[in-house]
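Here are some friendly notes to read with the structure open beside you. They go through the ligand sites, the chain contact and a few pieces of secondary structure.

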Amino acid sequence: MNEPLPYPAAPVRHGSNSGQPMTRRDGRLKVTGAATYAADTHPEGLLHAALAVSSIARGRVSFLDVEAAKAHPGVVEVITPQNRPALAHDPDSKTLPFSFRMDALQNDRVRYAGQPIAVVVAETLEAATEGARLLAPRYEAEAARIGFGNGLPEPAPMVGVGAPGRAETGDLEAGFAAASQIVETGYETPAQYHNAMEPHAIVAAWDGDHLSIDMPNQAIAMSQASFAAFFGIPVQNVSLRSPFLGGGFGSKAILAGPQVLCILAARMLGRPVKLVLTRAQMYGPVGHRGATRQTLRLGTDAQGRLTALEHHAVSETSTFDDFIEPAANASLNLYASPAILARHDAMRMDTGTPGPMRAPGEASGSAALECAMDEAAQAAGLDPLTFRLINYAETDPISGKPYSAKELRACYMRGAESFGWAGRPLAPRQMRDENGLLTGWGMGSALFPAPMFQAEARAVLRADGSALVETSGADMGQGAWTALAQLAADGLGLDIDQVEFRSGSTDQPDGGIAGGSGHTATAGGALHAAGRDVVARLTELATADPESPLFGAGNSGVTARDGRLVRNDDESRSEAYADILARAGLEALEGTGRGARDPANAEARAMFSHGAVFAEVKVDPELGQIRVSRMVGAFAAGRIVNPRLARSQLYGGMIWGLSFALHEEAVHDLRSGRVMNADLAGYHVPVNADTPAMEALLIDEDDRFVNDLGIKGVGEIGITGSVGAIANAIWHATGVRVRRFPIRIEDVLGL
Amino acid sequence: MRPFHYSRPSSLAEALIDMRDALAAEPNSSAAFLAGGTTQLDLMKLEVSRPDRLVDLNALRGEAGHIRWDGTSLRLGAFARMAEAADHPDVRARAPMIAQSLSLAASAQLRNMATLGGNVLQRTRCAYFRDTSWSACNKRVPGSGCAALDGVNRAHAVLGTSDHCIATYPGDFAQALLALDASVVIAGPGGGRTIPFARLHRAPGTTPHLETSLRPGEIIAEFIVPAGGWFRRSLYLKVRDRQSYEFAVASAAVALDLEGDTVREARVALGGVATVPWRAREAEALLRGRKLTEEAARAAAQAAFTEAAPHAHNAFKVELGQETLVRALLQLATMETPR
Ligand SMILES: Cc1cc2nc3c(=O)[nH]c(=O)nc-3n(C[C@H](O)[C@H](O)[C@H](O)COP(=O)(O)OP(=O)(O)OC[C@H]3O[C@@H](n4cnc5c(N)ncnc54)[C@H](O)[C@@H]3O)c2cc1C
Ligand code: SF4
């Protein structure tokens, strides 16, 4: 365990493309409206499907007026559990990778409000919509169990995606016994919905037993295999195009009932079918972030060092499947403590099954942990940043392993400096601005795992020296196709303009999952490796060819640069790729690459991105209006492939945090179990005017262990730390500690 | 989609005839007018409004889309867009409260579509009203009950409520018109009439489905806002959960005529807290003739809310509404006004 780890001999040479703040390749298409999203597909003979969804949360559907719907002009078919054709795979099973039990009209049970209960297919969207309305469902309703007071508690042996529900180190009771001060506190977070701008949409068409699908999707190859299983056809018979995603946030990584039903309708009717969820229908079958109730206990000694840290989360899940927001695990890897216990329980409710959403677990857990840390710092009379530095973890607290790299200290320092943290009064309610608004400063630490999945890529060098590279990646607006192309070009030793980049469909090698903030590292690693594979083959050709200026350069080697191979021992001797291919009589030269983590490194090191977020809020002392005026985040996340896109991602994450802290909440009617604010007028996210002056500092970090390229992720880390920073700033401004999210006017006014 | 008949008359006279004919042919007709459509079309998509006929009034912009100062009054055509009125120099300079109530409302896109007439007639945001799968909503289905009484009611009203309905009147502009004693010019099939704006909206009482005193087929043509000593010293203060694109949790439209620091006249209307645009006459009476101190402002605010009847989630509005009014009064007291 404590043996020194071998360092890779040298960092992989990085070409001139990575590190450049290039603008999005798809930017022009998007701002001119030329980018086509899945719902923009209109194949010949298209039919339109509309869902009917349940308005009760529990019970059974006792009647649907199918006759009335069918009689409506233009309606072609009404699909209910009565006539729904069989599926080759049981939607209530969980045997497919990363799958959730879904509602695909398998019976007349209703297990949450908004569950699909019928599909109406018609010649026009209008006719389908009216047909769905004419179904006028009747129910045998049972009492809805919604809210923590009404749910069914249950232990949670597993949380998140296959993580244990309990983790501990050290002797907790001894830790608390040794503490000179114990802070015990609790925080509540609400159910939140992904609300991507682009609703879930799918266009499905069958040609014999070949299925083609257009849909926004964060996990193309995995979805291809799952759809093949549902319809009992070979995997290669499914082609899936995910051209652009108008946001996914996790909700487009997991298949849901509506998609399967649309494909089924297309097969049943022998024509292509399109189904686009309405905004309101996105509050049911397509996942959400489950609500949590968290309690924390922090013991500290006289110096302010943690002696014990306990974090318990009760997370909402559905009655029929498990996704337990792994909130308590946020306390496992950040602060040094001789004893740590994180544990979870589930609370089953009549709701759709939650799923991964914008840092699942990390976000809600960080919100509670960072607030609790602030409370402990306050109790110890310490500045919140000082308190965190005192408890800085030099090794991963839960495993004892060294970090692959950790520049958190630099994040704290640079962030604090840029924010102007020094001189912050310890006591709350000390600062006012020129308009008399209460002003407060708060901070939080940011932490997010740096996972890698599996991906493959192909690169083909063409006779003219340009190249084609491909992997089935997903651009959700984060700029993946730009950053990935940068890495591909570097692997090939070409300028990015010489590289044709293809992605977003099953025609390409498996690009893995765009999730967990691991897409750039994984798919990018595969693309880079594919390019290097091509260069290796090219080098072999050239150095073995007596007519090449590179002949015999085998020992000292060559470097690929600007479309040429250059001798390392004599830079004046080089040859263009095109010339090498021409002499070898090759039309093209293909290479492949894989992106995955070295298992030895994965075993030996704890791998995380880190950051520090500082926030300033203004609170009206009488009117309670809360506005965030400034946010500064400093993040160390390995090698930054594209600083412009990375900053955008981090801004986005910090705004998610603001949204979590002050706005987002699905409000349920406890009698019916229904979400009462299922639209964007009622479900609040920040608008531009709510978005503060923001700064995202990129802290250099050389991580030799995460992968050859030293790349971590920046997609989700921004939300961690930010929620706590804002909540802590509100306390600092007002002296009121609000322990539920989102924080509202009435909370800070104590009303 | 439900089929409906659509017409787009080219004049006010024609529009009145269109609607009169529709009502004559079918006395129970659900025919409705269409202006900017930001309420009407929204409610049609939700199936809350199911008109068999839509009479589109957008061609009337030439006839009644004006914004004009006539020497004694601001005259605002019902078909002027919210954005046009909010940005109009006469409105901004003469009655800042009106401009503020409009520019703090909705979003830029909505303000570019929505008309002044449609704005004052916008319907409540009560979620039980907007979702037809709730059977209990007296406003939508008379006599069916009120799901909000024991439901989610943070956004609901504390003033002007009844056992039959507690839905908040959501708009902003109406408070300004009410505070400034505006009148409404109405064109009707049987001729025109002008009524005080204060008489346009009806408190829910036992008939929350009857929201205004407009008669079938009547069209709002214009708002007339008479100048007063309080015109310039006026403001609209809106408290909300986010900085833009959001309805008021509490708001106050206040205008003052001061002599030194003594109140000659006060005009106070409250939004976000009441079932209809709410004139706080008790508060005005308390202020009249008094020095505008914080104490006086608080007394007035308290008076405005003595009748408040909160429910499970909106009790905070009683105090917040008072604080909002206090703030508006104190801000006005120190406001510099060009003479
Ligand atoms: C997301 C959202 C946020 C909003 N936020 C705010 C806010 O913060 N503050 C605010 O004040 N408003 C807000 N609004 C409401 C918006 O301002 C109104 O929908 C708009 O002003 C209505 O005007 P319109 O011209 O679109 O009316 P329409 O929708 O066309 O009509 C509304 C109603 O009035 C009737 N009607 C229209 N004109 C006339 C007339 N001249 N005579 C007789 N009847 C007529 C119609 O038949 C219909 O019943 C918001 C709306 C939305 C959708
Ligand atoms: S408050 Fe009014 S609008 Fe809302 S449910 Fe009750 S009756 Fe209907």
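Two strands count as paired if DSSP finds at least two bridges between them. With that in hand, in chain B the bridge partner of B:Asp257 is B:Glu265, which sits in strand 11. Please keep in mind throughout that this is a predicted model.

1. **The hairpin in chain B.** Strand 10 and strand 11 (residues 262–271) of chain B pair in the antiparallel sense, with nine bridges. The two strands of chain B make a hairpin with two residues between them. In the turn, B:Gly260 has a positive phi of about 65°.

2. **The other partner of strand 10.** Strand 9 (residues 234–239) of chain B also runs antiparallel to strand 10 of chain B, and six bridges join them. If you want a place to look, B:Ser234 stands opposite B:Ala255 of strand 10 of chain B. How enclosed is strand 10 (residues 250–259) of chain B? Seven of its 10 residues are buried, so strand 10 of chain B is largely enclosed by the rest of the structure.

3. **Ligand 1, a shared site.** Which residues are the closest to ligand 1? They are B:Gly36, B:Ala105, B:Gly117, B:Gly118 and B:Asn119, out of 32 residues that surround the ligand. Chains A and B both supply residues around ligand 1, so the site is shared between chains. In chain B, the elements giving two or more residues to this shell are strand 2 (32–34), helix 2 (40–45), helix 7 (108–113), helix 8 (116–120) and strand 8 (219–226).

4. By class, the shell around ligand 1 holds 18 nonpolar, 11 polar and three charged residues.

5. **Ligand 2.** This ligand has 14 residues around it. The closest to ligand 2 are B:Cys126, B:Tyr128, B:Cys137, B:Cys146 and B:Cys165. The shell around ligand 2 divides into 11 nonpolar, two polar and one charged residues.

6. **Where the chains meet.** Chain A brings 27 residues to the contact and chain B brings 21 residues. On the side of chain B that touches chain A, helix 13 (residues 316–333) of chain B gives the largest share, six residues. That side of chain B is made up of nine nonpolar, five polar and seven charged residues.

7. **A covered helix in chain A.** Helix 6 (residues 257–269) of chain A has 13 residues and reaches 18 Å from its first C-alpha to its last, close to the 18 Å expected at 1.5 Å a residue. Is helix 6 of chain A mostly covered or mostly open? Mostly covered: 10 of the 13 residues of helix 6 of chain A are buried. Among them are A:Gly257, A:Pro258, A:Leu261 and A:Ala266. Just after helix 6 of chain A comes A:Gly270, with a positive phi of about 65°.

8. **Strand 22 of chain A and its partners.** Strand 21 (residues 455–462) and strand 22 (residues 467–470) of chain A run antiparallel and are joined by four bridges. These strands of chain A form a hairpin with four residues between them, and A:Gly465 in the turn has a positive phi of about 90°. Strand 22 of chain A also pairs with strand 23 (residues 499–502) of chain A, in the parallel sense over four bridges. A:Val469 of strand 22 is a handy landmark: A:Ala459 stands opposite A:Val469, and A:Val469 stands opposite A:Phe501 in strand 23 of chain A.

Note on methods: Residues numbered from 1 in each chain as written. Chains lettered and ligands numbered in written order. Predicted model: local features only at pLDDT ≥ 70, side-chain atom pairs only at ≥ 80, totals over all residues. Near = placed C-beta within 6 Å. Nonpolar A, V, L, I, M, F, W, Y, C, P; charged D, E, K, R; others polar. Contact = placed C-beta atoms within 7 Å. Buried ≥ 20, exposed ≤ 12 C-beta atoms within 10 Å, placed from the backbone. Expected span 1.5 Å × (residues − 1).
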